[in-house]
Amino acid sequence: MQRRKYVVIMAAGSGTRMGEKLPKQFLELGGKAILQRTIEVFLRACEGVSVITVLPKEYISYWRKYCLDRNFTCPQVLVAGGITRFHSVRNALARVPDGALVAVHDGVRPLVSEELVKTLFNEAEQKQAAVPVIPCVDTMKVIENKDGKLAAVPGAKADRSLLYGAQTPQVFHSEVIKKAYDMAYDTAFTDDASVVEKYGTPISYLEGERFNIKITTKDDMVLAKAIYDLIR
């Protein structure tokens with residue numbers, strides 16, 4: 001019997017790097033809020049998926065009004081974010097039962113494909129944890145910032161063939177990730193996979209997608225609009 005599917009949409013950021021009045025998740029891409037487009041991918045990919053949206057506390061009423069005004073009728077559980085991403089995810093996982101599959105996805109990754117979402121859920125059903133990664137294509141340098149000046153670290157080398165960038169959605173058996181998030185917060189927890197790995201659960205890594213970008217800056221928005229116009 002297949003597990004029920006949940007998705008935790010992480011949209012609790014303030015978006016200061018975008019330099020706009022609204023947090024980036026509420027900016028429009030192709031006439032809809034980035035956050036709406038992100039949620040819609042999961043609604044199309046997984047029939048009956050339960051959506052938990054994590055927002056800045058002060059923007060929960062804003063999002064409710066947006067959904068009402070735009071007739072975006074997706075049932076959602078709205079959760080206030082915490083002091084860090086770790087605490088925000090933990091807040092959301094309190095609303096997820098054991099025995100389910102739960103994806104944790106960045107609310108500002110609206111260009112992820114339905115195919116990748118389905119693949120990750122299928123993989124996690126069998127392996128407990130599935131995470132998309134993409135290989136590094138740039139030549140990597142080990143650099144340190146000394147009072148605003150960049151300098152190479154003598155003798156340090158980075159093997160590009162071993163470096164991959166992690167993406168979302170990251171999908172887990174709910175009881176596994178919930179137990180992992182019961183651990184004390186650690187600054188080394190940079191994504192959900194790092195938490196689950198620290199807990200001791202092996203991760204199944206799959207090839208991600210180049211177009212599955214995280215929209216963080218104005219440059220990212222320019223790129224996202226170009227990709228959206230190409231694939232829509």
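Buried here means under 20% relative accessible area, exposed means over 50%, and partly exposed is in between, with a 1.4 Å probe and protein chains only. T216 sits in the loop between strand 12 (204–207) and helix 7 (218–231). Leaving aside neighbours within four places in sequence, T216 is in contact with R17, M18 and K24, where contact means heavy atoms within 4.5 Å.

A word on the source. This is a predicted model, in which local features need pLDDT of at least 70 and side-chain atom pairs count only at pLDDT 80 or more, while totals for chains, interfaces and linings use all residues. Residues are numbered from 1 along each chain as its sequence is written, and side-chain values use heavy atoms, leaving out hydrogens and water.

Now the whole chain. The protein chain has 7 helices and 12 strands; these are DSSP runs numbered from the N terminus, with helices being H or I of at least four residues and strands E of at least two. The C-alpha atoms fill a box of roughly 55 × 40 × 35 Å along the principal axes. Of the 232 residues, 47% count as buried. Among contacts with a separation of 6 or more, 72% are between residues 24 or more positions apart.

Next, cysteines. How many disulfides does the structure hold? It holds 0, a disulfide being a pair of cysteine sulfur atoms within 2.5 Å. For C46, the nearest cysteine sulfur is that of C74, 12 Å away. C46 counts as buried because its relative accessibility is 5%. For C74, the nearest is the sulfur of C67, 7.7 Å away. C74 counts as buried too, at 12% relative accessibility.

Last, the backbone. Most residues other than glycine have a negative phi, and most peptide bonds are trans. The peptide bond from T168 to P169 is cis, with omega near 10 degrees. P169 is in the loop between strand 10 (164–166) and strand 11 (170–173). N71 has a positive phi, near 55 degrees, and lies in the loop between helix 2 (60–69) and strand 5 (76–80). Is N71 buried or exposed? N71 counts as exposed, because its relative accessibility is 61%. Q128 has a positive phi near 80 degrees and is partly exposed, at 32%.
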